[in-house]
Amino acid sequence: MSQKPLGLICAIPNEIQHFGSAFEKESEQDIAGFCFYSGKLDGVETILVEAGMGKVNAAVVTTLLMEHFNCRAILFSGVAGGLDPELGVGDVVVGNKLIQHDYGMTVGEKLTAYQPGHLPIHMPTEKLGYEVNAALIDKIMAELEDFELPEISAEAAGGTKRQPVITSGTILTGDQFIGCTVARDQLHKDLSGLAVEMEGAAIAQVADRYQVPFIIIRSLSDLAGEESTMDFIKFLEETAGGAALVLRRIINLV
């Protein structure tokens, strides 16, 4: 295995804390106001960093992980809003494609997502989003086939406790917190997204430039409707752990 470290990004402290003692910190370095922790996660050399929320923070941190630490792959663990009505709070999505839903062209009061850096009227392209290597996704999902996550409480799950599922699909990224049923349903319909968040596709865009693998893992903390602001805060601690457990399970595959 390469001796280069993995880069592991979380957006907020509530996501990082779930790695707990599994991450053995050896040193830390402050760059551009971000604190990068060097150490081992389950024995694997890893650089861990809290990026803060949003696409720009995520892109800056990913670039620093490549330029200063020469990471061999970039991983993200955190929470997201659910878009697919078949999924529930606590379910985990492993992104096989990342799309920036807020980049594109607005015509007739409708935003049509387009590939960052391109527009239909300038540098047109048929590509939309950043795809994870299919063979890597296959290996990851095979490793997770019999992996069970802890039950989600009845309160967090909406009335009845449930066993979270792990799936793979498209994750959408944009610089807005989605707390609107109409917007949620439209994103799912237009872009087939399973989950929506604020960092993943920006990480993917930078990783694609550096030609390194990237894996974005998201636990659903809410269902991106009008109640999501309350749900996100209330159930963040319980739901964020699922993504961390999944990442630890597959860390040796990357």
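On a 1 Å grid over the protein atoms alone, a pocket is an open set of points where a 1.4 Å probe fits, with protein on both sides within 12 Å along at least five of seven lines; lining residues have an atom within 4 Å of a point. This is a predicted model, where local features need pLDDT of at least 70, side-chain atom pairs count only at pLDDT 80 or more, and totals for chains, interfaces and linings use all residues. Residues are numbered from 1 along each chain as its sequence is written, and side-chain values use heavy atoms, with hydrogens and water left out.

Start with the second largest pocket. Its lining includes Gln115, His118, Tyr130 and Arg209. By class, that lining has 3 nonpolar, 5 polar and 3 charged residues; Asp, Glu, Lys and Arg count as charged, Ala, Val, Leu, Ile, Met, Phe, Trp, Tyr, Cys and Pro as nonpolar, and the others, Gly among them, as polar.

Now the largest pocket. Fourteen residues line it, with His101, Leu111, Gln186, Leu187 and Asp190 nearest the centre.

On to salt bridges: a side-chain nitrogen of Lys or Arg within 4 Å of a carboxyl oxygen of Asp or Glu. The structure has 12. Which residue does lysine 40 pair with? Glutamate 45, with the closest N and O atoms 2.9 Å apart. Arginine 248 meets aspartate 42 at 2.8 Å, N to O. Those two sit 206 residues apart. Lysine 161 and glutamate 151 pair at 3.6 Å. Lysine 161 is exposed at 52% relative accessible area, where exposed means over 50%, buried under 20% and partly exposed in between, using a 1.4 Å probe and protein chains only.

Conventions: Helix = DSSP H or I, 4+ residues; strand = E, 2+ residues; numbered from the N terminus.
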